[in-house]
Amino acid sequence: MTSTRVLVLNPGSSSLKASVVVEPGDRTDAAREIDWGVDGARTDARRAALEQLIAELRDGRELDAVGYRVVHGGERFREPTLIDDAAVDAIAELDELAPLHNRVAVETIRAARRLLPELPHVACFDTSFHATLPVEAYRYPLPGEWVERFGIRRFGFHGLSVAWSIERAAVLLGRDAGSLRLVVAHLGSGCSVTAVDGGRSVATSMGFTPLEGLMMGTRSGSVDPGILLHVGRHGVDVEALAEGLEHRSGFLGASGSTAGARELERRASQGDEAARTAIAMFCRSAAAGIAAAATALEGCDGVVFTGGIGEHSQAIRDDVSRRLAVLGVGRQGGPDVLVIAAREDLVIARRTADAAAAR
């Protein structure tokens with residue numbers, strides 16, 4: 001069987017992860033990561049860093065295709081898509097709905113297409129996984145004319161991470177993925193919870209944009225919409241509102257000092273009350289999101305923790321699990337608790353190889 005060597009570029013809100021994956025086989029030849037900080041949309045060093053990274057990964061390797069993680073695909077993009085100029089422009093048009101992500105993805109795609117023009121380039125979308133949401137899960141209780149005019153619906157995000165979590169959970173539990181009922185908590189700079197029934201998304205916490213749902217690094221997550229009306233009536237304009245909700249909320253807003261979970265845990269251990277409060281708020285938010293997602297299932301076989309915080313912070317996992325004891329988490333006969341390293345790159349590589357082969 002012919003192998004395909006895929007350069008995978010995963011531009012996130014806090015980092016750029018890159019790897020060379022050989023398919024079939026999920027063999028990773030090389031991997032690099034560039035840390036943008038917790039608010040990657042605001043760094044000016046992305047292009048030069050990307051060019052250097054591609055040069056390093058390409059050195060001595062023959063590449064066959066390039067695959068990208070793109071956060072928001074809207075209604076148009078529901079499958080992996082071969083990228084041309086029109087596709088890039090369409091992804092850019094969705095920037096308003098995912099300003100911390102799509103803008104960075106478009107910059108990454110344009111730069112990589114310039115550097116590697118001879119290769120097929122494929123976009124894989126986080127939102128596509130949630131195309132299975134039932135109407136009661138994706139419809140908002142808003143005026144019908146708003147829904148129609150603006151295309152408002154719940155899209156959901158972190159779909160590539162959830163897809164990998166399902167696959168790994170099936171292996172770890174010795175079960176067929178189609179029989180599993182899981183709640184997947186992707187906790188990192190961005191956070192979401194997804195209920196999965198037989199491999200299908202049936203509920204998820206992020207919505208029309210990646211701003212809804214759980215408290216995050218610099219994003220607020222869900223808040224009383226009356227607060228937004230109130231501050232708007234008192235002089236906070238739309239741009240200032242977006243700035244506050246996207247860049248100055250979450251861990252950063254609650255602590256007043258940092259958006260990094262690891263740094264907050266360090267400060268909390270030294271007696272910083274604001275840091276302790278921020279972590280407690282986060283754990284409460286995550287537990288509530290997991291509990292809410294579980295109500296979309298008729299039973300729960302496992303709770304999966306993934307993402308940077310979900311994988312690496314045992315203290316936060318333990319706190320969240322303790323709060324879920326009412327659902328039987330941590331008790332004999334209750335849902336299994338799994339910690340799974342996020343590997344969106346393998347999912348992207350497979351889908352890119354398939355799309356490139358079918359062109």
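Me: Before we get to helix packing, how do the axes and angles work here?
Reply: Axes are lines fitted to C-alpha atoms, for helices over the stretch in contact, and the angles between N-to-C directions run from 0 to 180 degrees. Keep in mind that this is a predicted model.

Me: OK, so at what angle do α2 and α3 pack, and how far apart are the axes?
Reply: The angle is about 160° for helix α2 (residues 85-93) against α3, and their axes are 9 Å apart. Angles over 145 degrees count as roughly antiparallel, so α2 is roughly antiparallel to α3.

Me: Which hand is that crossing?
Reply: Left-handed, as α2 passes α3.

Me: And which residues meet there?
Reply: From α2 you have D85, V88, D89, I91 and A92, and they meet N102, V106, I109, R110 and R113 of α3. Sorted by class, the α2 contact with α3 has five nonpolar, four charged and one polar.

Me: What about α1 against α3? What's the angle there?
Reply: About 50°, between helix α1 (residues 46-58) and helix α3 (residues 102-115), with the axes 10 Å apart. The two are therefore oblique to each other. The crossing of α1 and α3 is right-handed.

Me: Who makes that contact?
Reply: On the α1 side, R46, R47, L50, E51, I54 and R58; on the α3 side, V104, E107, T108, A111, A112, R114 and L115. In the contact of α1 with α3, six residues are nonpolar, six are charged and one is polar.

Me: Where's P24 sitting?
Reply: P24 is in the loop between β2 (15-23) and β3 (27-35). D26 lies in the loop between β2 and β3 too, and D26 has phi near 55°, a positive value in a residue other than glycine. Most residues other than glycine have a negative phi.

Me: Last topic, rings. How many aromatic pairs are there?
Reply: The count comes to three aromatic pairs. That takes ring centres within 6.5 Å as the cut-off.

Me: And which ring does the charged end of R153 sit over?
Reply: One of them is the ring of Y138, with the charged end of R153 at 4.0 Å from its centre. The charged end of R153 also sits over the ring of F155, at 5.6 Å from that ring's centre.

Notes:
Residues are numbered from 1 along each chain as its sequence is written. This is a predicted model: local features need pLDDT of at least 70, side-chain atom pairs count only at pLDDT 80 or more; totals for chains, interfaces and linings use all residues. Side-chain values use heavy atoms; hydrogens and water are left out. Helices (H or I, at least four residues) and strands (E, at least two) are DSSP runs, numbered from the N terminus. Angles under 35 degrees count as roughly parallel, over 145 as roughly antiparallel, 65 to 115 as roughly perpendicular and the rest as oblique. A crossing is left-handed if the near helix is turned anticlockwise from the far one by less than a right angle, and right-handed if clockwise. Contact means heavy atoms within 4.5 Å. Ala, Val, Leu, Ile, Met, Phe, Trp, Tyr, Cys and Pro count as nonpolar, Asp, Glu, Lys and Arg as charged, and the others, Gly among them, as polar. Rings of Phe, Tyr and Trp (its six-membered ring) pair if their centres lie within 6.5 Å; planes under 30 degrees apart count as stacked, over 60 as edge-to-face and the rest as tilted. A charge sits over a ring if NZ of Lys or CZ of Arg is within 6 Å of the ring centre and within 35 degrees of the ring normal.
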